[in-house]
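Student: I would like to learn how to read the features of a model such as this one. Could we go through them in turn?

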2 protein chains.
Amino acid sequence: GDVVLGKQKAISCAACHGQQGLSTVPDAPNLAGQPELYVVTQLKAYRSGTRRHEVMNLMAKPLTDDDIDNLAAWFGSLKIQVVQ
Amino acid sequence: GDVVLGKQKAISCAACHGQQGLSTVPDAPNLAGQPELYVVTQLKAYRSGTRRHEVMNLMAKPLTDDDIDNLAAWFGSLKIQVVQ
């Protein structure tokens, strides 16, 4: 996916998942550094409804496969480390 | 939850989610630093089957509510930062 396009697309995700993919709300996960395949799989599951979540089903509905690949590339590019 | 008990319980998660909650396989998420409520919600969804995943439904089946709270506390204790 394209990281720059993904970053652009991710603006609407920042409310819950943060500017840098670190969650801002207790019931939303961090997305920074998540493996791309995992992000693609989950976004497609939310888009198709096989994974249920009121907000995420709505958010994912309009996404194209390219959008999803770009978002996965963007979040995957935000490398993380455990600082404990 | 209890971080020490959670760390103990998480030994069986390390194969895919890593010793420090950083994923070792492309289709498994990082769990380090995830918000506790999110982890609790997902483990209960895997345990009840409202969220479908062959491996995770099996892994979550035997977990008690305390196990789940302890796992969430353990993974939540592994603070992360984006290093980009």
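Student: Which rotation, and what shift along its axis, superposes chain B on chain A?

Tutor: Bear in mind that this is a predicted model. One reads the relation of two copies from the rotation and the shift that superpose them; here a rotation of 180° with 0.0 Å of shift along its axis brings chain B onto chain A, with an RMSD of 0.0 Å. That is the relation of a two-fold axis.

Student: Through what surface do the copies meet?

Tutor: They meet through the same surface, because 100% of the interface residues of chain B are also interface residues in chain A.

Student: Which residues of α3(A) are buried, and what covers them?

Tutor: The buried residues are A:Tyr38, A:Val39, A:Val40, A:Gln42, A:Leu43, A:Ala45 and A:Tyr46, and their cover includes α4 and α5 of chain A together with α3 of chain B.

Student: Which residues touch the most other members of the largest nonpolar core?

Tutor: Of its 36 residues, these are A:Leu43, A:Leu71, A:Phe75, B:Leu43, B:Leu71 and B:Phe75. Helices α3, α4 and α5 of chain A, together with α3, α4 and α5 of chain B, each supply at least two residues of this core. Not counting residues up to four places away in sequence, B:Phe75 has contacts that include B:Ala10, B:Cys13 and B:Leu31.

Methods: Residues are numbered from 1 along each chain as its sequence is written. Chains are lettered from A and ligands numbered from 1 in the order in which they are written. This is a predicted model: local features need pLDDT of at least 70, side-chain atom pairs count only at pLDDT 80 or more; totals for chains, interfaces and linings use all residues. Side-chain values use heavy atoms; hydrogens and water are left out. A nonpolar core is a set of buried Ala, Val, Leu, Ile, Met, Phe, Trp, Tyr and Cys residues joined through side-chain atoms within 4.5 Å. Buried means under 20% relative accessible area, exposed over 50%, partly exposed in between (1.4 Å probe, protein chains only). Helices (H or I, at least four residues) and strands (E, at least two) are DSSP runs, numbered from the N terminus. Contact means heavy atoms within 4.5 Å. Copies are superposed by least squares on the C-alpha atoms of residues with pLDDT of at least 70 in both.
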